[in-house]
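Subject: Handover of a structure and the findings on it

Dear colleague,

Please find below the structure that I am handing over to you. My findings follow directly after it.

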Amino acid sequence: TNDAEIDAYVGSVAGSLAIGGVVGVAVGIGFSLAENFIGWNESGDAKAQVFAYVDGSSIEAMGDLSITAKNQAIIHSGVDAGAVAIGGGLVGGAASGAGTDSVNRIEVDVIALIADTFGYGFIAQDVLVQADDEAIIRATTLAASLAASFGLFGGSVSISVSLADNSIADSSIALVDNADI
């Protein structure tokens, strides 16, 4: 059983205040990024693997026989960012921007296998070969931005963007190969 779990929280806050007699301009920028990986890397070479197998054996069980591989990988990701800008003067201006990005990946091979038995093979009432994949990604992103200006002439701009990219690319295989059951 794979019980890998990631609990990640990332947050940022940025603020700017500018007050001038003639010109007051304020800029605030906040950005947060979270990258959470279980069994995944950028090269794609190595994945996490969960194996439950019997290979090259014989088994005599008094009751039932179960070969089970289970993946219960979980990623909880929270990413927040905020930005505030306040500018004032005869000419006041403010600009703020906030952004978040959450990238979460799970890639696990789950394999349950009975292979190449010899002798009498497997003797049991019931034989279960099972590969379970119960991977979960829970991701929350929040970006908030506020810009305010005051003066005889003023202008404000505020932008916020939240992104989430989540992927579960697991494989599950339950296999009986060249075995007497």
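Val91 is partly exposed, with a relative accessible area of 34%; partly exposed covers the range between buried, which is under 20% relative accessible area, and exposed, which is over 50% (1.4 Å probe, protein chains only). The residue is found in strand β7, which covers residues 91-106. Strands here are DSSP runs of type E with at least two residues, helices are runs of H or I with at least four residues, and both are numbered from the N terminus.

Please note that this is a predicted model, in which local features need pLDDT of at least 70 and side-chain atom pairs count only at pLDDT 80 or more, while totals for chains, interfaces and linings use all residues. Residues are numbered from 1 along each chain as its sequence is written, and side-chain values use heavy atoms, with hydrogens and water left out.

The surface patch

Val91 belongs to a nonpolar patch on the surface, together with Val22, Val23, Val25, Val27, Ile29, Leu90, Leu152 and Phe153. The accessible area of these residues together is about 890 Å². Areas come from the Shrake-Rupley method with a 1.4 Å probe, and for residues only the protein chains shown count as cover. A patch is made of residues with over 30% relative accessible area and no salt bridge; nonpolar side chains (Val, Leu, Ile, Met, Phe, Trp, Tyr) are joined within 5 Å, and like charges within 9 Å. Strand β2 (residues 23-38) supplies the largest share of the patch, four residues.

Val22 is placed in the loop between β1 (5-19) and β2 and is exposed, with a relative accessible area of 55%. Along the chain, Val22 and Val91 are 69 residues apart, yet their C-alpha atoms are separated by 6.1 Å. Not counting residues up to four places away in sequence, Val22 touches Gly89, Leu90 and Val91, where contact means heavy atoms within 4.5 Å.

The overall form

The protein has 13 strands and zero helices. Its radius of gyration is 28 Å, well over the 16 Å that the globule rule gives for 181 residues, so the protein is more spread out than a compact globule. This radius is taken over C-alpha atoms, and the globule rule is 2.2 Å times the number of residues to the power 0.38. Along the principal axes, the C-alpha atoms fill a box of roughly 95 × 30 × 15 Å.

Of the 181 residues, 36% are buried. Among contacts with a separation of 6 or more, 83% are between residues 24 or more positions apart. The accessible surface comes to about 9,600 Å², and carbon and sulfur atoms account for 54% of it.

The nonpolar cores

A nonpolar core is a set of buried Ala, Val, Leu, Ile, Met, Phe, Trp, Tyr and Cys residues joined through side-chain atoms within 4.5 Å. The largest one has 19 residues, and those touching the most other members are Ile38, Ile67, Ala69, Ile106, Val108 and Ala112. At least two residues of this core come from each of β3 (48-55), β5 (65-71), β8 (108-115) and β10 (127-133), with β8 giving the largest share, four residues. Apart from this core lies another, of five residues, including Ala18, Ala26, Ala85 and Ala147.

Leaving aside neighbours within four places in sequence, the contacts of Ala112 include Ala52, Ile67, Ala69, Val129 and Ile173. Leu65, in strand β5, is buried, with a relative accessible area of 14%. Beyond its neighbours within four places in sequence, Leu65 is in contact with residues including Ile59, Phe122 and Val127.

The salt bridge

How many salt bridges are there? The count comes to one, by the rule that a side-chain nitrogen of Lys or Arg lies within 4 Å of a carboxyl oxygen of Asp or Glu. Arg105 forms the bridge with Asp165, and the closest N and O atoms are 2.9 Å apart. Arg105 lies in strand β7 and Asp165 in strand β12 (residues 153-168), so the pair ties together parts that are 60 residues apart in sequence. Arg105 is buried, at 15% relative accessible area, whereas Asp165 is partly exposed, at 36%.

Two backbone angles

Asp116, in the loop between β8 and β9 (122-123), has a positive phi of about 50° although it is not a glycine. Asn178, in the segment after β13 (171-177), likewise has a positive phi, near 55°.

With kind regards
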